[in-house]
Structures are given as C-alpha cells and as structure tokens.
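I have kept to what can be computed from the coordinates.

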Number of protein chains: 2
Amino acid sequence: MSELSCAGAPPSPGAPDDVAFLAALVAAVGAAHVLTDAAEMAAFLRDWRGRFHGQALAVVRPGSTPEVAAVLRLCHGHRVAVVPQGGNTGLSGGATPAGARRQIVLQLGRLNRVRSLDLANGTVTVESGCVLQQVQQLAEAHDRLFPLSLAAEGSCTVGGNLATNAGGTAVLRYGNARELCLGVEAVMADGTVFQGLRALRKDNTGYSLRDLLIGSEGTLGVLTAAVLKLYPRPRARATALVALQGVADAVALLGQAQAALGPLLTGFELMSGACLQAVARHRPALAQPWAVEPPLAVLVEQSAFDDQAAADDRLQALLASALDSGLIQEAVLAQSQAQAQRLWAMREGISEALQHEGVQAKHDIALPISALADFLAEAQAALDGLEAPLRLMLFGHVGDGNLHFNVVWPSRGAQADAALHEAVNTRVHDRVAAWGGSISAEHGLGQLRRDENRRLKDPAELGLQRALKQALDPLGLLNPGKVL
Amino acid sequence: MSELSCAGAPPSPGAPDDVAFLAALVAAVGAAHVLTDAAEMAAFLRDWRGRFHGQALAVVRPGSTPEVAAVLRLCHGHRVAVVPQGGNTGLSGGATPAGARRQIVLQLGRLNRVRSLDLANGTVTVESGCVLQQVQQLAEAHDRLFPLSLAAEGSCTVGGNLATNAGGTAVLRYGNARELCLGVEAVMADGTVFQGLRALRKDNTGYSLRDLLIGSEGTLGVLTAAVLKLYPRPRARATALVALQGVADAVALLGQAQAALGPLLTGFELMSGACLQAVARHRPALAQPWAVEPPLAVLVEQSAFDDQAAADDRLQALLASALDSGLIQEAVLAQSQAQAQRLWAMREGISEALQHEGVQAKHDIALPISALADFLAEAQAALDGLEAPLRLMLFGHVGDGNLHFNVVWPSRGAQADAALHEAVNTRVHDRVAAWGGSISAEHGLGQLRRDENRRLKDPAELGLQRALKQALDPLGLLNPGKVL
C-alpha cells in the first residue's frame, strides 16, 4: 500500500564524504541553517498528518536563490538527493523524504521576500517561501485580488502551490495555480538557475519551461520565485445555499448559473447531506438552515463589480427561476457578509468534521462534469460490492468536476482497515479511469498516488514523462520517489 | 538576415531509399494523399506572404491519427524530417520547410472532424485540421463562445493555433490558446501516440505534456486533436472608441476599466492616429468619427450577461468619469451592433492598410504593461538614431502588453531596405530585451525569429530547451530549423 511510511535504513551520517558535504553546506548557507540534530529535523521529516516519515542527512534552509543554487551544486557534486519543502502542508507526501538514499530536505521558508509589486501590470513577484495568505493580503491591501484560495492558505507557500499546481475554491473562475503564474525562477538539478521571471501575458519564444515546472512537484527543478497575476477586486459578493435532489440537478443548475452570470460566477461547491450532517454534529452552530435535510446542497457565489443590490438581484433571479422549474427545492440567500461567511464555514468545516466520523479513504478525483452523475452511480455500485458498512461523504468543486470522494467506515482494526482502504481505492480509481477522469485533481501524486498513477496511466505517457525527467535531472536527484 | 528564404539544394528524388520511402507513404495514406508533383506541392512549400520557400520530398495528407502515426514511424525509420502544416497562415515561417534536408510536409487539413461536443462539460473535442472559424460557429450554434479570435480565423487551424499558442483580440479576458485547451492528442517523433485528450479542468498527475507541446511549433510532436473549452455566450456587447493623448493614459484607462468592469472587459485595443489615418486613406468608409485626429485611440469592449442597456450604462459611466478627469478627450459609444462592427473593422483593417504605406519592419512584441510608455520612448529614440525617414505605425493588444510595433519607410531599393530592416529589428528587439519583454508575443519564432531569439535569450534557458528537444526528438526530425 502506497500510503504507508517509506522510511528505510537511516543514512550513515559519519561517512567521510558526508562530513565534507555537510561542511560545504555550512559554508554555503551558514551553520544556523543546516540542521542535523534529530530533534531539530523531526518536524521536517514527516508530513503534517503524520502519514509519511523519512530520513535525511540534513535540513538545509537557504536564504536566497544563489544559496539554493550553491546547495544544489553541492548536492549534484556529492550525488545527494534533494527534497524541496515549503509549508509542509501537502496531502500526498510530496515534501517528505522517501526511501533510504542520501538526501537533504531543502526547506525554502526563508525565501519569503516580495521582490516587486507592479499594479499597472497587475503582477506581484514573490519568492517561493512566501505564505499564500501573505500574497492574498498584499493584494487586498492594494485593492486587488489574488484568487488562489484553499484550506492551508495560512501556512502553505507559493512554491508548494505552484509545484503541485494547486486548485481550491476559485478555479471555476480563475483557474488552477498554473493559470495564475506568468513566470518562474527555478534552480535546476545541477545548480543552473533558470531565469524565467517574465511578467508578460504573451510570450511565444520557445518551450514553456514554466508550465513544465509547475505541477512537477519538485522533481524537475526547485522553484525559487514567481510572477503572480493580480485581479481587480470584486465590489460585492452574493452567496446562496441551495438544496437539491442529486448531482444531475447540480450540473443542470451549474449550466444555468454560467449562462446567467458568466464570469461573475466564482463559486459552485457541492456538499452531500451526509457531509452537512457531520458538520452539524461536530459544530452545532453550523446546523443546516432548513428543516428537512436535502440529499445535496450547493453553495453558489457570485462576485460583482457593480454593487451588492445588483448582485443580489441577479442571483435571486437565477434561484427564482430554478425554484419555479423544480430544479432546486430551497434556497437561502445570504443577507450579509457574516451570513455568507457562515455558509462558507459549513463548506470549510467538512474536512475537520469527517475526521470524527470513522476511518476514511479519501479521494481527490476529477471527471468531466457531464460524467459526474453516471460515475457516482457506478462508483456507489462498486463500493456496494465490497459488502462493508461504507458511507460516502461527498463534497467538492463541482464546477471543476473535482470531487472529494470520501468513504468512511467504523474501524475494524488497523490491518483490516488497511485492506479495506486499498480495496476501496482500487474500485474508486478504476471507475475514475473508466470515465476518463483524474485520480489526483488538485493534491498532486507525491508518494501517495505514485503507484496508483503507474497502474492506471497509459505507459506511452509515462514513458514520455520519464524522458523529460531524464533530460532535466539525469542523476535522479530531485525529489526521488515522487510522481514517477 | 533571418527573414530571407532558406531554400537550399533540392533533395534527390530519385535515390533508391526515397523510392521505397514514397511507396511506403502511399501504402500508408493512399496515392491521392502523397503529392510529389512540383506544381501540386508548390502552395504547401511557401508561406502565404511569400517570404519563405522550401523543398520537400512530398506533401503527405493523412486522414486520421493512426495514419499520422504510420507516416511518422516511416519518417523515423527512414530518417526523413517532418514539417507539420495546418492552414499555412503563420507569420513566422513555422509551417514552411527550411533547409535542404530530406523532409516531407505533413499537411493536416484532412484531420477535420469534430469528435465530440459536450455542452454540460463545456468542451468540444476537435481534430487539429479543423478551421478555427468552424469551431467558433459550432460553439455559437449551441449558444456558447469559443473565444479565440484572430485575423486568419477563416483559414487557420486549431492545430496551428495550439502549436503557436495563438493570441488574438480576446486574450485580455480568456487567455492565449494554451488556456483554452484542456487536453491534446499528439504523435511523437517515433510515431508514438500521446493520448492526452482529457476533458478535465483539474488534473495533477504528472508533467504537463500538453503545455509543453502547446507553443512548441511542431518541433516536439504533431498535434492531432484537442479538447477545447467553451464559454457561456455573452448576451450583450458594448463597444466604444476613445481618443487619448498617449500610451500612459491608455494604461491608466485600462486600470479604471478593469476595476469597473472586472471580467466583463473583453477588449482593449490600441491604435495610433497614424494607423487610423492609413485605414482612412485606403478605406475611406472607415474614416475616424472625430474632426481632430487624436494621437491615439483605444477600442474598448465589454461583454455582458444581463442586457444591452445595463452594459451601455456601465460603459458610459466609465467613459464619463474618464472624460471628467481629463484622462480621455472624446468617446464614441456604438449605438448598434452595426456601429460596433464598424469600429472593429477599423482595428481589423490596419494590417491591410499598412501594406500600402511603404516598406515595413513588423514586430510582434510584448512588454509588462507598466513598461509600455517608457519602452516606446526609448524605442523611438533608438529609431531616431538611424536617421532614416521612419514612421512608427503602432497598434496592438495593450491589455496584454502586446504591441504590433511596425516601422514603415519609403523603399530605397531591396538591398538598402534589407539593411535598414535589420538595423530597425536589432534596435527594437534590444529595447524589448532591456525591458524584460518578448520578441514574439503571439506569432511564434518559426524561422523568422529563431536567430534573434538565440541572440537575446539567456543561454541557460536555451540549453534547457535543447535538452527537452533532445529528449523528445533525439534525431531532430520534427520541424527542423524552427524555434531552436
């Protein structure tokens, strides 16, 4: 099972080459930024959920791009592998060392400068260790929007966001992290600096190294800085919670909302009734606003540039029409920003609430939006075939076809749970593959989904990806055991 | 000078291996689709502007992806190079054979099927030989928008649009061709089919081969099909022509328009007074709507999802405020779709009008929007230094920082014109590089800008691009002499 710890034999810290290597690291970044003490390193050698644990010769914290380059040149010369790490908030073990080889954790948190802000160009250039929320706040302070928004935004970093091509709740309108980035600076496996910090909206001068590095999870290069796009900040937001009967109706409502609101539609989040009940159990203040719990709810958000009244009118017209036609059963339009925040808190409280519901097999999947309803029916049937007391706790970004398809059951003991977990994974992912979907919509493959991706992906595509890895990192030093 | 014909010695059509190779091609795609007659091939061996001419063993017109794969396997086995060609409307010679090596033109016009239309998913899957306008019309017939829009849309193909990551007039809101594509199918240099026709808005399962192939101008693989994104079709459009004093004011107006209209702002096209005068000279029906010609005009377009009156009100409020503050001098709001089309016709008539104005050195450049005014001042000074009767004819997509920076002069004879052309190019591109810009914003490098890109781009980046080329096309068979 790919989700277990990959810790192997510890490296041999006393070997002569290691001594010289560590001394050279100290010379490059300063003794204070080369951690080798086990207690000091511990937090960097495991992921925050405690699912992955690894070993490293050192945790190295460079403070600038030239220092990153110096560290990578040293690693290249000494044939030591490098595990880039930002906020260490990933869900797939991509930032935790895997295996027993000689490797360091390259902690990029000190690269946290805002290099420049260019309001006329609508861009900000930040180093990769900047925390996402700082970028959001910087944008807001200048009456702009940086739209990337996700649960870990208070501690995840821009480098990790780009390395995993992060998604979140605003993809429907603004796209994934890749679409929010105009240029990157990166250090390649041999220490070469790729200086691609272009702040241009159009540039067709050769292959897009930017787009290749984004989403490569630190296996092709180490991102050190990026030019991010800023957007005009909406003047008003209108938010509603809608009760409906099933996913097919949610997809129909999505189509109507897109036709009526165009790019003003910025949120369309699906939550199953079971998820909302779980939230209410664990945070009673977030009980559902209606008496009879619907099978499904959708959180609809409109961002507007005129005013609140106009925004409310447009959303109300959409919902009135959907009520009249019977497509939806009930709708609650937030009457204030505080009410809107409460509706979003229900959505954002799901992950935490589910932790109390039992053992979970979580899946971060995407499908063509048109296939969602059929996929769900097939996946449910496949799970029923396991004849176990499984509950489906479904939520997600239906406007992106991205479901967090979580299967929950009462624990039967570690070994039985692990076996059931694997059986559930296989059945769900097989159905995803059959419907042309993705087994990692927004979390990346990391260690967690690497083997499953190998099992399901076309060997021709895997071969092409390996050729690219070989071209840019022929010694296999960057983030080994991840992605491929 | 890189813009001259690259025709060299013709290949030797009678060599035994060529005979076997051509026979195998005929067996693969049928005799009717292997052109070897010089007269039949002629139109495929030159670009439409007649600036590039090349040689080929044959023009091969496969009718399906398996036939493309068969042709590429044959070329790989016989070590024959492949020049992919769609509508042959490119401006940089990317689809015309270069050099004297053994090569074929791979004409993809027969791959013109719409494979599937999925309205609920907002996607259409088309083969690469589909003409852009057909895709636009298909979308419109289903009340959707495919936003890519450019001058050659009546004959350019989707494959060429993606291979050059085409831009056009809607990039401000919808992005370049790359942002409009969810998945691609491609045939690689050895005939391997990369089956990446995923119709997903989120998919983080490894390196983005899609984004690497897009913009690679047929040098890494041959695109055979793509999943394109459809958008809701706006219900109304409000269009205005605005007179202003200079580029700095245009950039300020852009900021105000973005703040007021958000994503409803879908067009912001700059035209210098000199360009508008040229249009009026050659098409008197398109004379400017004001008595005193301004130094600069901007065409502003808003797309709306409510109604025409609301759209007009919003645009009028924006323009009234800009008039009050003195930022703009005059504004004409189109009172009908016919008037709006007439305003767009002025913009679209510029390229043709300029052909009558003298010898032209055309530049397809992009800069950070904030640098446009300073760049223009410096570039003008650099041109003044040439002490020639040069006129700057400027237009472009200022919302993308993309200028069509055209320099015009009365002919002094072919040799002197060529020398002046090169001197102008060098001075303009040097200033572009100094301001962090791009020498090919939306047309691609092809043959035309390849050497200039080599001159100006960081050798480290060029080295990485060559490593990728080597990884995916180790024999250098795909579109030789282009890009790198």
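Predicted model: local features only at pLDDT ≥ 70, side-chain atom pairs only at ≥ 80, totals over all residues.

1. Residues are numbered from 1 along each chain as its sequence is written, chains are lettered from A in the order in which they are written, and side-chain values use heavy atoms, with hydrogens and water left out.

2. Between the two chains, 82 residues of chain B are in contact with 82 residues of chain A (contact means heavy atoms within 4.5 Å). The area buried between chain B and chain A is about 6200 Å², with 59% of it given by carbon and sulfur atoms; buried area is the accessible area, with a 1.4 Å probe, that two parts lose on being put together, summed over both. K202(B), N204(B) and Y207(B) supply 18% of the area that chain B buries against chain A, more than any other three residues.

3. The rule finds 8 salt bridges across the interface of chain B and chain A, a salt bridge being a side-chain nitrogen of Lys or Arg within 4 Å of a carboxyl oxygen of Asp or Glu. K202(B) forms a salt bridge with D400(A), with the closest N and O atoms 3.2 Å apart. E442(B) forms a salt bridge with K202(A), where the closest N and O atoms are 2.8 Å apart. Because E442(B) lies in the loop between α14 and α15 of chain B and K202(A) in the loop between β9 and α7 of chain A, the pair joins two chains; helices (H or I, at least four residues) and strands (E, at least two) are DSSP runs, numbered from the N terminus.

4. S438(A) lies in the loop between α14 (414-434) and α15 (450-456) of chain A, and S438(A) is buried, with a relative accessible area of 2% (buried means under 20%, exposed over 50%, partly exposed in between, with a 1.4 Å probe and protein chains only). Leaving aside neighbours within four places in sequence, the residues in contact with S438(A) include D364(A) and V432(A) as well as K202(B) and N204(B).

5. Within chain A, the side chains of R314(A) and D306(A) meet in a salt bridge at 2.9 Å, N to O; R314(A) counts as buried at 17% relative accessibility, whereas D306(A), at 28%, counts as partly exposed.

6. Finally, a network of salt bridges links R178(A), R210(A), D211(A), R178(B), R210(B) and D211(B).
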